[in-house]
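Hi,

Here is the structure for you to look over. My notes on it follow below.

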Amino acid sequence: MQKPSADPLLLLASVLFPALLLIDLGLLMFSPMMFDAPGSERSVYPWIIIATLINYPLTVLLGLRLAWAAHARGDVGMARRTLVLPITGVGLVVGSFVLLQVVCAGQFACD
């Protein structure tokens, strides 16, 4: 059985999502500064941001691993559908920052 040729979408995802992972790790490094404002440790929104930032590397690694495994089996459709997992991780991170902006006007100390 002949192996399928590399899917361009899968190759693009394999470059893009790990690049975003570097940004995510940079944000995680500075995440303790979200709690500098008085009262911010009682706010749930910085904790949501940190949870999504921690979750993103897991979704990328799992999503890309499952996508390449499906591609190796010859199931290109499943490989593309599996890329929804890292896309969801990106959406959660962006959504958590949007939530903070909408609900707390960008202030980490918000009840």
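Which residues form a disulfide, and how far apart are their sulfur atoms? C104 and C110 form it, with their sulfur atoms 2.2 Å apart. Bear in mind that this is a predicted model.

A search of the whole structure finds one disulfide. The link of C104 and C110 is left-handed, with -80 degrees about the S-S bond. Both C104 and C110 are buried.

Next, the aromatic rings. The structure holds one aromatic pair. F35 and W47 make it: their ring centres lie 4.7 Å apart. Their planes are at 40 degrees. Stacked would need under 30 degrees and edge-to-face over 60, so this pair of F35 and W47 counts as tilted. The pair links distant parts of the chain, twelve residues apart. F35 sits in the loop between helix 1 (8–30) and helix 2 (45–72), while W47 belongs to helix 2. W47 is partly exposed, at a relative accessible area of 48%.

Last, the surface. V94, V98, L99, V102 and V103 make a nonpolar patch of about 410 Å². One of them, V102, is found in helix 4 (residues 84–104). Is V102 buried or exposed? Its relative accessible area is 65%, and the cut-off for exposed is over 50%, so V102 is exposed.

In your viewer, these are the places to look: the disulfide of C104 and C110, the tilted pair of F35 and W47, and the nonpolar surface patch that includes V102.

Best wishes

Key: Residues numbered from 1 in each chain as written. Predicted model: local features only at pLDDT ≥ 70, side-chain atom pairs only at ≥ 80, totals over all residues. Heavy atoms only, no water. Patch = residues over 30% accessible without salt bridge, like charges linked within 9 Å, V, L, I, M, F, W, Y side chains within 5 Å. Areas by Shrake-Rupley, 256 points an atom, 1.4 Å probe, with all protein chains shown as cover. Salt bridge = Lys/Arg side-chain N within 4 Å of Asp/Glu carboxyl O. Helix = DSSP H or I, 4+ residues; strand = E, 2+ residues; numbered from the N terminus. Buried < 20%, exposed > 50% of the residue type's maximum accessible area, 1.4 Å probe, protein only. Phe/Tyr/Trp six-rings, centres within 6.5 Å; stacked < 30°, edge-to-face > 60°. Disulfide = S-S within 2.5 Å.
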